[in-house]
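Here is a short report on domains and strand pairing. Please look over the sequence and the model before reading on.

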Amino acid sequence: MIDLTPKLNPNSWDEMFSNKGVRNSYRKVLQTLENLNHENLNQKQKQAADLFMNQGITFTVYSDDNQGIERIFPFDIIPRIIAQKEWLEVESGIKQRLKALNLFLEDIYNEQLIVKEGIIPAALIASCPHYIQEVHGIKVPHNIHIHIAGIDLIRGAKGEFYVLEDNLRCPSGVSYMLENREITKRIFPEMLSFNQVSMVGNYPMIFHNILVSLSPRNISNPNVVLLTPGIYNSAYYEHTFLARQMGIPLVEGRDLVVSNNKVYMKTTSGLHQVDVIYRRLDDEYLDPLVFKPDSALGVPGLISAYKQGNVALVNAVGNGVADDKAVYAYVPEMIRYYLNEEPILNNVPTYQMENKEERELVFANMENMVIKETNGSGGYGMIMGNKASEKELKEGKIAILANPRNFIAQPIIQLSTVPCLINGELKLRHVDLRPYALCGPNGVEIVSGGLTRVALTEGSLVVNSSQGGGSKDTWIIG
Amino acid sequence: MLSRVADGMFWLNRYMERADGMLLTLNTFYILSFDKQMNDSQGYKPLLEHYTDLSKNQMIQSQFDTNFVLKYIICDNQNNNSVKNLVIKARENARGSQDKITKELWEHINSLYHFMNSPDLPKKLETHEALSIITKLNKDLLLYNGILYVTMPRGLGWCFSSVGKHIERCLQTISVTQAYYKPINYNLDGDQDLLYWRRLLLSLSGYEQYLKSYSNISHNRKVVQHVIFNRDFAHSVIYTLGYIDKYLDYLFKDNNLSEARTLKNQFGRLKSYVEYTDYHHLTGQQLEEMLNNTRAQLIQFSTDFSKLFFSYT
């Protein structure tokens, strides 16, 4: 038997245990775990790792002699559970947020009323590198700019949810949400059936229906494709997985060509017109005629075809302005401005480094702050004040002063913990949650679940897979 | 179907077929090397000649060196055609066409890739485990063909895969056949015994079938009949050309381009050339010419086929 009552951290919320013992939602899971010994659990952990490896759900690490070694993203077999009641609040909070963000994007690329009325400073938008001037004035199908969003949530010390960031460009990780569930079905079939867990497997179907609905041509079977940077991209597995699940061709930039402002794919029987592109390429690589001229990943003329309305791009071009970390601080104001509602989900307090007073406040409390680049991702360029050395803090200050617009600061929040199987023992590790929201002509749909990312290093708050993070299956029950 | 994906499926199957043929030959030679056989002047030479870029000198030095051959053929990174490198290339093509191949096929190629990349494989090949490794790999390739056959949808992808597979198989049969007729100067009236031909026939999976159709004709002529002209032998030249023809019909059925017509005619001439050769009265010189010409024409056909269907860059 293993010790099933790990020592709780008084400063953070544990998802499985309270001071009074196991939480209701985890009771049946704990019962199953109680019947397993070390060997059983380790065997299940190994079985899960083998399944990931054999399916090719891996990334490649290159050694000095350029020999690639395939590694899996670590998967912890103990699920993370959210009760239905809490989930409904999360769901309505995300729907509200996306509605406002969509209205913001429609506004900022057209009338810019939110700027004219002084809700958001014009300078903030003008200085955002992801505000794409080339698509100003564009009309997108059904006025939807965000078709798929990954909203990162964390829980504070009292279990309250906060939005940490909005991913509105090419949010990744949804294949892990789906595959984690498939793996859990194989290793804990009885545990899943006892707990009546909400399904996540309908995601590809919902998404495919949305993609089809965006076709500019009114035809029964529009040509929808997934555009990938190629087999060397770290998320390539996800691209192939989604293409296969939706039954759509997986194309690279070199497979497409633009002629007369229409996009075609090169097939063995000639050129076929493409109607909708779910692109997993960032804006700046989409079209070398408009953005990076040396990019071989995109398609020359694509933006022109897009502006003419001959092809739909998912997500729309230019969404980066809405998930800029400095603009993030204004999302609650957007909700009030566009929807006349109070935000259901809270933001983490955010200090703008451009603002002198806020900057000085942060500099005086660096050890309690996390500093982030406004357009960074993957945990890169982040300074955790409580872990950084004196030298790192000093260098951070210099970088902030050189370009304050490029940084924000937030107080360090102790993310909630969930027990994980580490070296055959249950240990508490910090987690976040990324639910995936899909927006189509019929509104916003959120699959009941999400990707729980876990910081596998003891005490770490950095959950990114690129920084040693892993993942868990996420269950909505009740 | 996307040209790039069709290209990927074509090459995926060429590489896997090459690995399959090479492993079968290696397995045959390795097992026969345990017998102290008289008159074996070639050793691993036919294998090294067709499947590697070794120079003549290197080949002479290594044609009887089992340890070297096993490692060079199976897992040498410097050998472009080692099983390891072929599987890596096959997997890369499979990755590029992953949305068009089945999950079962992908997982099988992927697990084979991981096996080939296990760091202790070269060491194990130096031990008594070598034979069980070769046997496992042979079975994995057989399983690949089974999974391909059972799970893949019949359609364009299947056709491109099958054309690639049969072009590769046909080229292998021609080359391995040449490797055994060249040392005897294509003498069709000679009296080489079954032990001589056994290596060739086992390498092409055709030994048992050959024995079952045993006749009074001398082996030197009978083997030609079997490996080139036997329509019921899955590795014969005529059988593989027949399959290519069948899938070309499917690919060309809605294609009215003049290039397609030209290619179809080009292949028709190649197939007829073999089909209407009178093997009963074939001379050694004619056999040599026929094998050389068929090989050259098939390589040209493969190039033109790629230009027509895969020119996506």
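In which sense do S11(A) and strand S12 (residues 270-273) of chain A pair, and over how many bridges? They pair in the antiparallel sense, over four bridges. Strands here are DSSP runs of E of at least two residues, numbered from the N terminus. Two strands pair if DSSP finds at least two bridges between them.

This is a predicted model, in which local features need pLDDT of at least 70, side-chain atom pairs count only at pLDDT 80 or more, and totals for chains, interfaces and linings use all residues. Residues are numbered from 1 along each chain as its sequence is written, while chains are lettered from A and ligands numbered from 1 in the order in which they are written.

**Strands**

S11 (residues 262-267) of chain A also runs antiparallel to S10 (residues 256-259) of chain A.

| Strands | Bridges | Opposite residues |
|---|---|---|
| S10(A) and S11(A) | four bridges | Leu256(A) and Met265(A) |
| S11(A) and S12(A) | four bridges | Met265(A) and His272(A) |

S10(A) and S11(A) form a hairpin with two residues between the strands. There, Asn260(A) takes a positive phi near 50°. The hairpin of S11(A) and S12(A) has two residues between them.

**Domains**

Chain A is assigned domain 1 (86-176 + 199-339) and domain 2 (349-411). The bounds come from an automatic or database domain assignment. Over C-alpha atoms, the centres of domain 1 and domain 2 of chain A are 28 Å apart. Eight residues of domain 1 of chain A are in contact with seven residues of domain 2 of chain A (C-beta atoms, placed from the backbone, within 7 Å).

Notes
Contact = placed C-beta atoms within 7 Å.
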